[in-house]
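This report is for a reader meeting the structure for the first time.

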Amino acid sequence: MEAVPARARAYVACVAVAALLCLLPLSAVRTSWWELALLAALSAGCERAAARWRFAGTFHPVLLAGVFLLPPPAAALVALPGALLSPVERRPRGLRRLWRAAQLAVSVWAAARVHWSMGGRDAVVASDFPYALAPAGVAVLVLCLVLSMLDGGILVLAERIPVRRAWHGLFLRSLGPVAVHGLAGLMMAVLWRSPYGPVAALLVLLPMCVSWWVFAQYHRERAAHQATIRALVQAVDIKDEYTRGHSERVGQASMMIARELGMDDDRTEVLRFAGILHDVGKLGVPTRLLRKDGPLTPEERRVIELHPEYGHEMVRGISFLGEARAAVLHHHERLDGSGYPYGLMGGQIPESARVVAVADAFDAMTSTRSYRRARPVGAALEELEKCAGSQFDPRMVTALARALARHGWHPAVTADETDGSGVPHPRPTVAGRHGVRR
């Protein structure tokens, strides 16, 4: 993302100025510079370890220990070295480093300011429990709130995410992990001020680092699974050239339906995977059938109708897919029981499969392919509404229509054959409602 919108750059500059204002009183406050330097070095070291483990996120215990131990300007300074020195993969790297540093400095300053005003530092020095928990808890809430507010702003301005969605779930997603880190940071701060000193405080980091490393391994394994999924989808696209890109678009449409139905982010992601993988079983179907120009014989049609079962066999060992596996198996079932492979009816069909069925049919109708032009979105929705109740779940059709009214739809041209003038050559194919070979 090298071309960052000007308004996003202005937003980053404003947050950076706010961070500088937070740091300005630093020369006038009384603080222990060696403590500040040690905490800043620890924070930078943890950020480097996170980058090495390919773990996305910030190690908050050290930052929160600074919140609980230091005056607000000094606490804000603790976050800067790690944010400015940490590696950045995406461009523009300098702007991204500046953004992360400014965001953390402002958020940590706000949390430390609230903690200080509530007398939290005195409670930490005196090891006054349980009173010390209240200011620490409020500081954690403020840190999460400011981080979420700033993140939402950059999503709106840089990523052009609608305002209605930009802040949705940001605060709640960050609260749990930061709260756990807050307890570790409070333990560090109390031990730091105890007769045992900073060495004892550093011992708190050991179990946190171990758990962080384990979590990083989980994310690495998940990334490997996702790479496998991408490879499978690419293999399907190569084998069935008529529907290239179809899987990714079905995943996008499935995600739109899930969001419109109010599903949480984790389940929405699973349904996106379901849409992406719904046709992976075509890898088990002979290529000559997928590319056959003329009508299929009944025997050939039965072979193609085995692809949901082939797909289910391929993905059933990928545990994090969850209900996506059922969608792969049942996305060709119909509410009236005339679908395949098992002829399930109504509520017997898993909800995930009903979502993918609508997304699959919609993209099949609205995609331009080598043998026909795309239908308009409105005409495709009318066809879905006609079949609602017999073939498709009416809730899913309504949800897709509402999502499209808000966000629109931009189907891609897939596998067109042109004569050099850009005009696709028509190619005969199997007739049928929404295309049995989609």
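In this predicted model, the end C-alpha atoms of residues 62-86 lie 16 Å apart, and the span is 88% helix and 0% strand. Residues 98-116 are 100% helix and 0% strand, with end C-alpha atoms 26 Å apart. Both spans come from the UniProt record, an unreviewed entry, where the annotation "transmembrane region" covers residues 62-86, 98-116, 136-158, 170-192 and 198-216.

**The chain as a whole**

The chain contains 20 helices and zero strands. Of its 438 residues, 48% are buried. When contacts between residues at least 6 apart in sequence are taken, 72% of them join residues at least 24 apart.

**Helices α3 and α4**

Helix α3 spans residues 60-69 and is mostly covered, with ten of its ten residues buried. Among them are His60, Pro61, Val62, Phe68 and Leu69. Helix α4, residues 72-85, is also described as mostly covered, and ten of its 14 residues are buried. The buried residues of α4 include Pro72, Pro73, Val78, Leu80 and Gly82.

**The pair α12 and α13**

Two packed helices are described by the angle between their axes and the distance between the axes. For α12 (residues 246-260) and α13 (residues 265-277), the angle is about 150° and the axes are 7 Å apart. Because angles over 145 degrees count as roughly antiparallel, α12 is roughly antiparallel to α13. The crossing of α12 and α13 is right-handed. On the α12 side the contact is made by residues including Ser247, Glu248, Val250 and Gly251, and on the α13 side by residues including Thr268, Leu271 and Arg272.

| Site | Feature | Value |
|---|---|---|
| Phe129 and Pro130 | cis peptide bond | omega about 5° |
| Tyr340 and Pro341 | cis peptide bond | omega about 10° |
| Ser127 | positive phi, not a glycine | phi about 50° |
| Arg160 | positive phi, not a glycine | phi about 60° |

Pro130 is in the loop between α6 (120-125) and α7 (133-158), and Ser127 is likewise found in the loop between α6 and α7. Pro341 belongs to the loop between α17 and α18. Arg160 is placed in the loop between α7 and α8 (163-166). Ser127 has a relative accessibility of 36% and counts as partly exposed, whereas Arg160, at 57%, counts as exposed.

His331 is located in the loop between α17 (324-330) and α18 (351-366). Is His331 buried or exposed? Its relative accessible area is 1%, so His331 is buried; the cut-off for that word is under 20%. The side chain of His331 reaches the backbone oxygen of Val328 at 3.0 Å. The side chains of His331 and His332 are joined by a polar contact of 3.3 Å. Apart from neighbours within four places in sequence, His331 is in contact with His278, Asp279, His307, Pro308, Ala353, Val356, Ala357 and Asp360.

**Arg301**

Arg301 is part of helix α15, residues 298-304. With a relative accessibility of 28%, Arg301 counts as partly exposed. Arg301 and Leu289 are twelve residues apart along the chain, and their C-alpha atoms are separated by 8.7 Å.

Note on methods. Residues are numbered from 1 along each chain as its sequence is written. This is a predicted model: local features need pLDDT of at least 70, side-chain atom pairs count only at pLDDT 80 or more; totals for chains, interfaces and linings use all residues. Side-chain values use heavy atoms; hydrogens and water are left out. Helices (H or I, at least four residues) and strands (E, at least two) are DSSP runs, numbered from the N terminus. Buried means under 20% relative accessible area, exposed over 50%, partly exposed in between (1.4 Å probe, protein chains only). A polar contact is a pair of N or O atoms within 3.5 Å; within protein, one must be able to donate a hydrogen and the other to accept it, and residues adjacent in sequence count only if both atoms are side-chain atoms. Contact means heavy atoms within 4.5 Å. UniProt positions are given in the numbering used here, feature names are shortened, and annotations may be inferred rather than shown by experiment. Axes are lines fitted to C-alpha atoms, for helices over the stretch in contact, and angles run from 0 to 180 degrees between N-to-C directions. Angles under 35 degrees count as roughly parallel, over 145 as roughly antiparallel, 65 to 115 as roughly perpendicular and the rest as oblique. A crossing is left-handed if the near helix is turned anticlockwise from the far one by less than a right angle, and right-handed if clockwise.
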